[in-house]
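Trainee: Could we go through this model together, one point at a time, with the cut-offs spelled out as we go?

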Amino acid sequence: MRTFDHWLLPEGIEEVLPPQAWHLEQLRRRLFDLYRSWGYELIVPPLIEYLEPLLTGTGNELDLQTFKLTDQLTGRLMGIRADITPQAARIDAHQLKRDVPVRLCYLGTVLHTRPDGFAGSRAPLQLGAELFGHEGIESDVEIVLLMLETLSVTGIQKIHLDVGHVGIFRGLAHQAGLDRSQETALFNALQRKALPEIHELVASFSITDRQREQLASLAELHGTDEVLDQARQLLQDTGPKVQGALNNLQDIATAIRRRNPGLPLYYDLAELRGYHYHTGFLFAAFVDGVGQEIVRGGRYDDIGRVFGRARPATGFSTDLKTLMLVSADTDVVSKQGIFAPAEQDQELQAAISSLRDKGESVVCMLPGQVGGPRELGCDRQLVHEKGGWKVVSLKT
């Protein structure tokens, strides 16, 4: 192996250097203050645990994204978490065991076997909030509002919100009597909006012409408010599951609009992110210039069943590093320090302490060091003038 190879990181694994690392930390503090003000409690789940709980209710996709290894103490298979949501569900169901609504938030690194999401990272810094124990639309709306406030706090303003409901496709598939393989094949085609493939698939199913029309129509039911009117007309003769999902989606969208009248809302009845574990309303946030969603979330009522308590649940998650990259907030990055001379003057030390107490960064010169204030990231310095030590800007 060549010498320089020792410095290489695996593809999709990155480190955060100054000043972006401080930017991340500042965002973390702001967001946890926000979540605490909304009543969300902080949890710190382990990076690694036995495999089964990590994959509970999440389908094959998360299984493929999870690194696996054998525990040398027990011989059992373990996994490095690829998503913190199942861990939050386990904590709510098995550790906390409360009957009241539980609000949890978290931040931690997750590891993926393959690049996923914006910037192709395999080690996102997953940030999220989950609300357990309430099945009404009010909890879905709260999660969306908290997500929007999260983006606002990080300096992201121009947001487009995509909304959908897995109950519509799931209800149509059940009504048509599709088996697991048929449902999976159609689901995959709908995600690609591959219209010829969709029509070919539904034509091969032993279902009525009306059911073929309704299933195929999902791929084209996307757009603004008129989409729900079109959906109601196309799906008017469907059963209570589909109608209930449409009503639920409209009620949640109306409540969101009431709180955020100017928010661009986009309906997509074929966008089924997390279909294998979501059970109802789902959403994703987009910003201009980024082709993938920067936040995703929705309802997933059944995920805690394996832990003994299938409580209602809704939540969202994002990658904090992604939020930092797309944020317009550069205040933290641009803030520079104050350079102090290498003197043991008591007044100087008092001035340094006072500045640090006020949140300033003060860098003290070391005897014999190389480099001056600018090389150390300072745009001001402490100088002794009449009456004591003063902070002055460096001359350009």
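Trainee: Which side chain of opposite charge is nearest to D83, and how far away is it?

Mentor: The model is a predicted one, in which local features need pLDDT of at least 70 and side-chain atom pairs count only at pLDDT 80 or more, while totals for chains, interfaces and linings use all residues. Residues are numbered from 1 along each chain as its sequence is written, and side-chain values use heavy atoms, with hydrogens and water left out. D83 is buried (under 20% relative accessible area, with a 1.4 Å probe and protein chains only), yet D83 has no salt bridge, a term that asks for a side-chain nitrogen of Lys or Arg within 4 Å of a carboxyl oxygen of Asp or Glu. With Lys and Arg counted as positive, Asp and Glu as negative, and His and the chain ends not counted, the nearest side chain of opposite charge is R296, at 7.8 Å.

Trainee: Which side chain is joined to that of D83 by a polar contact of 2.9 Å?

Mentor: D83 lies in the loop between β4 (77-80) and α4 (85-96), where helices (H or I, at least four residues) and strands (E, at least two) are DSSP runs numbered from the N terminus. A polar contact is a pair of N or O atoms within 3.5 Å; within protein, one must be able to donate a hydrogen and the other to accept it, and residues adjacent in sequence count only if both atoms are side-chain atoms. The side chain of D83 reaches the backbone nitrogen of T85 at 3.1 Å, and the side chain joined to that of D83 at 2.9 Å belongs to Q126.

Trainee: Which residue of β9 stands opposite G223?

Mentor: Nine strands form an open sheet of mixed pairing, in the order β1-β5-β6-β12-β11-β10-β7-β9-β8, and its edge strands, β1 (41-42) and β8 (222-223), each pair on one side only. Two strands pair if DSSP finds at least two bridges between them, and β8 and β9, which run antiparallel, are joined by two bridges. The residue of β9 opposite G223 is Y267.

Notes. Buried means under 20% relative accessible area, exposed over 50%, partly exposed in between (1.4 Å probe, protein chains only).
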